[in-house]
Every structure is written in C-alpha cells, then in structure tokens.
Amino acid sequence: MGDTPQTDTSTQSDASDEDILRQFGETAAAGPKVSEDGDSTPPDGKSRYERLLKRETERTRAQAEARRIVAQEELERSLESRPRITLVNGNETKKRPYPRAVVEGMVWERFVTLLAAESGTGKSFLMLSAAGAVAYGVPWCGRSVEQGAVVYLSYEGDALGLRLQALEKDTGRPVDQIYLEHFRSPLSPAVSRDGGEIASIGEWQAQDAIITLRDELETRGLPPIRLIVVDTVRMSLAGSEDSSENVSSYVRAIRRLLEHIPKAGAVLVHHAGWQDGESKRKRERGSSAWRGNVD
C-alpha cells in the first residue's frame with residue numbers, strides 16, 4: 001500500500017505576527033473571497049489576524065497617549081521655568097525708560113529692525129560698516145552709536161573675510177569685536193503636533209553661540225553685545241516669506257534671542273521686490289506682516 005500524503009499544518013502556526021498582519025491585511029483590503037455559489041469565505045487565520053490587529057491598534061494608541069503626556073509635562077515644566085508676568089498700571093508704565101538707541105534712529109535695545117533693499121545694492125557692506133562703527137564706538141553716517149560687540153549671523157556665501165579686510169583698511173580700525181559665523185539651519189521654529197512652537201536647530205545654535213559669547217565678554221570685562229545682524233531673511237527663514245504665520249513665528253524666534261542680551265537690538269537684512277500701488281515704490285518682499293511685526 002502507498003503512503004498516505006500528509007498535509008503540512010506547520011506553515012500557518014510558524015508564520016510570524018508580521019507575516020499574518022501583512023498577509024491578512026492585504027486579504028482584508030481586497031475583501032472576502034466569494035465562492036461560485038455566492039457564499040463569502042473568511043480567510044484562513046482570520047481570527048488570529050483580528051487579535052493581532054486589535055493588539056497593534058491598542059499599542060499604537062498607547063504610544064500616542066504616552067507622547068501626549070510627555071509633551072504636556074514638557075510644556076508644564078517650560079511654563080514653570082518662565083518668569084511670571086505682572087500687570088502694571090499706566091502710571092508705572094510711564095516711568096519706564098524708553099529703549100536706548102544702539103544706532104541713532106535705526107536700532108534700539110530689544111527692538112527688531114528690518115533693512116530691505118534690492119539685490120546687489122550693498123546691504124551686507126552697509127551692515128558691516130554699521131557693525132564696525134558699533135564695535136569701535138564711533139558715529140556712523142552722522143548717527144551716534146552705543147559701543148559693544150556685534151554678532152553677525154551670515155546665511156549667504158559672501159566673502160566676509162575679504163569684506164572685513166576692506167573695512168579695516170578703509171577705516172583703519174580693528175574688527176576684533178565683530179563676531180561672525182556662517183549658519184545653515186533656519187532660525188524659524190518648528191511646529192509641534194498640537195500647533196505649538198518648538199525652537200529649531202538653527203535657533204538653538206544661535207542661542208548657544210550668543211550666550212557663550214555674552215558670558216565670555218563679561219568675564220573678560222569687555223563691552224556687551226549691542227547688535228545682532230541676520231543676513232539674509234530669506235536664507236534664515238523656513239517656509240514662505242509671503243505667509244504671515246511664518247513671518248510672525250520667525251520674528252518671535254529673533255525676539256527670543258534678544259531676551260538673552262537685553263542691551264542689544266537686531267537688524268534683519270531682507271530683499272525688496274514688491275511695488276506699492278501707483279507710486280511703484282519698492283518695498284520688502286513677502287507678507288505685510290513684516291511691517292506689522294518688526295519695530
């Protein structure tokens with residue numbers, strides 16, 4: 001007598017959970033099999049697939065809830081570490097000193113200024129000239145200045161070394177109190193899942209560099225940081241410059257940097273391009289929120 005064929009029943013039991021989820025997930029997506037007489041036939045292993053699917057769904061929900069709790073705890077810690085805000089009446093507010101000018105009529109302590117001009121008109125040269133005047137404590141273009149260190153955040157591939165050589169040669173003044181670095185990561189904050197703002201890598205890098213320099217200058221007994229220059233807006237901004245939301249979050253990031261150096265003001269170097277009405281006068285490129293959010 002011949003041997004009776006044996007049916008391999010090990011395949012289904014040896015299949016991994018991932019195989020089952022993939023196999024029957026595809027089957028479920030395609031719909032149940034229908035026999036010739038019209039009856040629906042459930043796929044083999046369907047009950048195991050349903051158990052695994054339920055388990056994976058519960059695990060995904062648990063992970064999402066854990067992330068939500070961690071984010072909430074981080075937010076609460078952040079709020080606890082921030083100083084409380086106390087409202088004061090008008091009489092007390094009147095006594096507060098007006099922000100001191102870093103560059104007369106142009107830059108003020110804790111304020112943000114936007115400098116806009118067309119490409120190739122010398123914006124970077126202009127701001128390096130102003131930076132040199134602030135660093136050395138001499139009037140600039142007939143404007144008085146407050147002496148102090150300058151932080152120049154460059155996002156363009158300009159030959160800054162050659163420009164500094166030209167500035168030093170032209171003015172006869174040292175440029176050792178102008179601190180420059182090429183940055184790549186945007187300053188714009190990232191957006192969390194719940195719509196909140198999270199400091200970007202670029203903002204953290206700039207903040208770390210500024211705080212380190214601030215402490216070093218204080219230790220050495222040198223004048224504090226008085227001016228931050230960001231050159232240019234487009235290269236340091238994530239997202240569209242036409243979006244009021246992107247513009248507003250970007251300017252808030254700049255103000256957060258200024259919180260660490262209250263005697264400094266910031267200048268954002270931007271491009272012009274749009275034309276206003278019938279006057280055809282060119283203004284800063286992008287959203288009108290630029291004018292509404294800077295000082």
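I count a residue as exposed when its relative accessible area is over 50%. The model I am working from is predicted.

**Cys141**

I looked up Cys141 with that cut-off in hand. Its relative accessibility is 61%, so Cys141 counts as exposed. I found Cys141 in the loop between H5 and S6. I also checked the backbone there. Phi of Cys141 is positive, about 55°, although Cys141 is not a glycine.

**Whole chain**

I then stepped back to the chain. I noted 10 helices and 12 strands. The chain has 295 residues, and buried residues make up 33% of them.

**Loop between S4 and S5**

I looked at two residues here. Arg110 is in the loop between S4 and S5. Its phi is near 65°, a positive value in a residue other than glycine. Arg110 is partly exposed, at 43% relative accessible area.

Phe111 lies in the loop between strand S4 (107-108) and S5. Phe111 is partly exposed, with a relative accessible area of 23%. I listed its contacts, leaving aside neighbours within four places in sequence. They are Tyr98, Pro99, Leu258, Ala264, Gly265, Ala266 and Asp295. I also checked Phe111 against Ile254. They are 143 residues apart along the chain, and their C-alpha atoms are separated by 9.7 Å.

**Nonpolar cores**

Next I went to the interior. In soluble globular proteins, nonpolar side chains tend to be buried together. The largest nonpolar core here has 30 residues. I asked which members touch the most others, and got Ile225, Ile228, Val230, Tyr250, Leu268 and Trp290. Elements giving two or more residues to this core include strand S5 (112-117), strand S6 (149-154), strand S10 (225-231) and strand S11 (265-276). Among the helices on that list are H7, helix H9 (244-258) and helix H10 (289-293). H9 gives the largest share of this core, 6 residues.

I followed up Ile228. Leaving aside neighbours within four places in sequence, Ile228 is in contact with Val151, Leu153, Ile210, Leu258, Ile261, Gly265, Ala266 and Val267. I also noted a second, separate core of 26 residues, which includes Val102, Ala133, Trp140 and Leu227.

**H5 against H6**

I looked up how these two helices pack. Helix H5 (residues 123-136) and H6 meet at an angle of about 55°, with their axes 11 Å apart. H5 and H6 are therefore oblique to each other. The crossing of H5 past H6 is right-handed. From H5, I noted Ser124, Phe125, Leu128, Ser129 and Gly132. They meet Leu160, Arg163, Leu164 and Leu167 in H6. I sorted the residues of this contact into 5 nonpolar, 3 polar and 1 charged.

Is Gln207 buried or exposed? It is buried, with a relative accessible area of 16%. Gln207 sits in helix H7 (residues 201-220). Beyond its neighbours within four places in sequence, Gln207 is in contact with Leu257 and His260.

Asp176 is exposed, at 52% relative accessible area. I placed Asp176 in the loop between helix H6 (160-171) and strand S7 (178-182). Asp176 and Ala149 are 27 residues apart in sequence and 8.9 Å apart in space, C-alpha to C-alpha.

**Cis bond**

My last entry is a peptide bond. The one from Asp231 to Thr232 is cis, with omega near 5°. Thr232 is in the loop between S10 and helix H8 (233-236).

Conventions:
Residues numbered from 1 in each chain as written. Predicted model: local features only at pLDDT ≥ 70, side-chain atom pairs only at ≥ 80, totals over all residues. Heavy atoms only, no water. Helix = DSSP H or I, 4+ residues; strand = E, 2+ residues; numbered from the N terminus. Buried < 20%, exposed > 50% of the residue type's maximum accessible area, 1.4 Å probe, protein only. Contact = heavy atoms within 4.5 Å. Core = buried A, V, L, I, M, F, W, Y, C linked by side-chain atoms within 4.5 Å. Axes fitted to C-alpha atoms, helices over the stretch in contact; angles between N-to-C directions. Parallel < 35°, antiparallel > 145°, perpendicular 65-115°, else oblique. Left-handed = near helix turned anticlockwise from the far one by under 90°. Nonpolar A, V, L, I, M, F, W, Y, C, P; charged D, E, K, R; others polar.
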